[in-house]
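Here's a quick walk through the fold and the contacts between its parts. Have the structure open as you read.

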Amino acid sequence: MMEAGEDTLMRRIAKAPQNRWLPEGRRGPMPWIIAIIMFLTLLSGAAGLGLAHALVQTRAQLAGGYTVQIVEAGAKLRAAQVAKIAALLKQDPNVQQVSVVPEDRLLKQLEPWIGQDVRAGELPVPALIDLSVSPGVPARDVDALGKKIAQMASTARVDAHGAYLAPIEKLMRTMMWLAAGLVILMILVTGAVVTLAARSAHETHRGTIDIMHLLGATDIQIARLFQRRIALDAIFGGMVGTIAAVFMLWLLGRNLAATGSELTGLAIIPWQWMPALLLIPIFAVLVAAVTARLTVKHALERSL
Amino acid sequence: MSNIIEFENIGLRYGADAEVLADVSFSLAAGGFYFLTGASGAGKTSLLKLLYLAQRPTRGVLKLFGEDVVMMHRSRLPGFRRRIGVVFQDFRLVPHLSAYDNVALPLRVSGMDEQEIAGPVEEMLSWVGLGDRFDALPASLSGGEQQRMAIARAVIGRPDILVADEPTGNVDPEMAKRLLGLFEALNRLGTTIVIATHDLPLISRIPHAQLMRLDRGRLVDPTGSLRFPPRKAPAQGPEGRSLGKPG
């Protein structure tokens, strides 16, 4: 696969006479090393983007969501407090939506702990009112609303939905930065591999380089030869690594979607985000080309 | 005639070894024809290396084209090298390039268009007897053919200075005569020629050429005519050859 694809590209570019100054021949393991690095880099990048997407989605879903919990043992009093608080919330202009969670649903959710035999009213279960606040409402207004609720029911407590997921969000953010760190490390590894390859190529072709120097070739002319060659290797490796990574991501995305889980579904990267992922191989090729140029130029500067 | 090459108390040593060139002083006029002789190990190749900027002296002043190249920033050296054609003793052909591409190399390095390159390269290869070997790789050519290819590459850009290290060492006498004719033709066009050789018959073929002899890294110059600055007026050389104005 490499031989055929690369050969066509090589032949086309090798038509330029200055591109024959260094022998073309076999490319060695460089393109494949870059392909592997690119594959791993893209997977890390995709993991980071997936986590970022999940984070954004989760934040959007939880933003402005609150639950009022009324822990009153007396059923009648509790029902009265729920009615008063619900009425207050419905009148508040900052509140978009109010819904009292039915006691049946609460009991259903508690089934794993209290069993199926408990009926409504038999067990004092806290009452819950879900509400969502309009976007952009200042925290102090939400605090003021909480105080009003507390005045109506001393056992009432207002919980922000975002607070429930704070530890998960922290974990997701940590993993996201870890993925970003891996991408940066992989790019650095690409630079290191290219540096070694460029040094080795420079040593291999030292005889030809000396001749060209003595014929009046500049450092830039010589460095450009290596830069072109390594950029071609990086483009080829980048393409192979990207194709493999995209296939792997498609496969993972399909499997994630098949789970039907809302949480895992959030990690599927939308297509609009894909260009950000594809910037990685482009950046890696640039890093490889610039590193090759600088490495060879630096080596040439040690000669006359 | 102005001096194109000036050596003033030049010394050259490799590492911590003794100097291979010591107190070498001479000046060569633009358009001159010069032979450099001396026994093996006398320092001929080292002196030529200084001339074609493969080496810088460890002391002294070396001026090419009127500019001191000893302290010159290396980024300026390619411009000077493009004005100097070199025939290396070991040819130094690029092994993976054809005869055509090897000879075209100096023109391509200097950025000449491909359309302008084809004519002169083909003509030059034909002239040195390689007109039917354009695509031949150096390894497939004989020593003599490689040497001719190296000479063609050195003169293709019509350099201001041509430096040749034993340029006729591997060719038959007829071809040697022909190549010397090429050097003379170039010299008539204004190129300063410096040839290092042991070949006395070759030297005798250019009666107007000046002679420099190196002995254990020092220039042996009984007339002093090649010293810089010249100490005496040009005089007859040791072999009765004129050491007067070149060309």
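## Two helices side by side

In chain A, H9(A) and H11(A) are roughly antiparallel to each other (angles under 35 degrees count as roughly parallel, over 145 as roughly antiparallel, 65 to 115 as roughly perpendicular and the rest as oblique). Helix H9 covers residues 219-259 and helix H11 residues 274-300; they pack at an angle of about 150°, with axes 8 Å apart. Axes here are lines fitted to C-alpha atoms, for helices over the stretch in contact, and angles run from 0 to 180 degrees between N-to-C directions. Helices (H or I, at least four residues) and strands (E, at least two) are DSSP runs, numbered from the N terminus.

Who makes the contact? On the H9(A) side you'll find, among others, Phe226(A), Ile230(A) and Gly238(A), and on the H11(A) side the list includes Ala288(A), Arg293(A) and Leu300(A). Residues are in contact if their C-beta atoms, placed from the backbone, lie within 7 Å. The residues of this contact split into 15 nonpolar, four polar and three charged (Ala, Val, Leu, Ile, Met, Phe, Trp, Tyr, Cys and Pro count as nonpolar, Asp, Glu, Lys and Arg as charged, and the others, Gly among them, as polar).

## A note on the model

This is a predicted model: local features need pLDDT of at least 70, side-chain atom pairs count only at pLDDT 80 or more, and totals for chains, interfaces and linings use all residues. Residues are numbered from 1 along each chain as its sequence is written, while chains are lettered from A and ligands numbered from 1 in the order in which they are written.

## The sheet in chain A

Chain A also has an open sheet of four strands, in the order S2-S3-S1-S4 with antiparallel pairing. Strands pair if DSSP finds at least two bridges between them. S2 (95-100) and S4 (156-160) of chain A sit at the edges with a single partner strand each, so one side of each has no neighbour in the sheet. The twist averages 20° from one strand to the next.

Five bridges tie S2(A) to S3(A) (residues 127-133), and Gln97(A) has Ser132(A) as its bridge partner in S3(A). Helix H3 (residues 75-91) of chain A lies across S1, S2, S3 and S4 of chain A, at about 5° to S3(A).

## Where the chains meet

Over at the interface, 20 residues of chain B are in contact with 14 residues of chain A. H3(B) gives the most to chain B's side, with five residues.

Technical notes: Contact = placed C-beta atoms within 7 Å.
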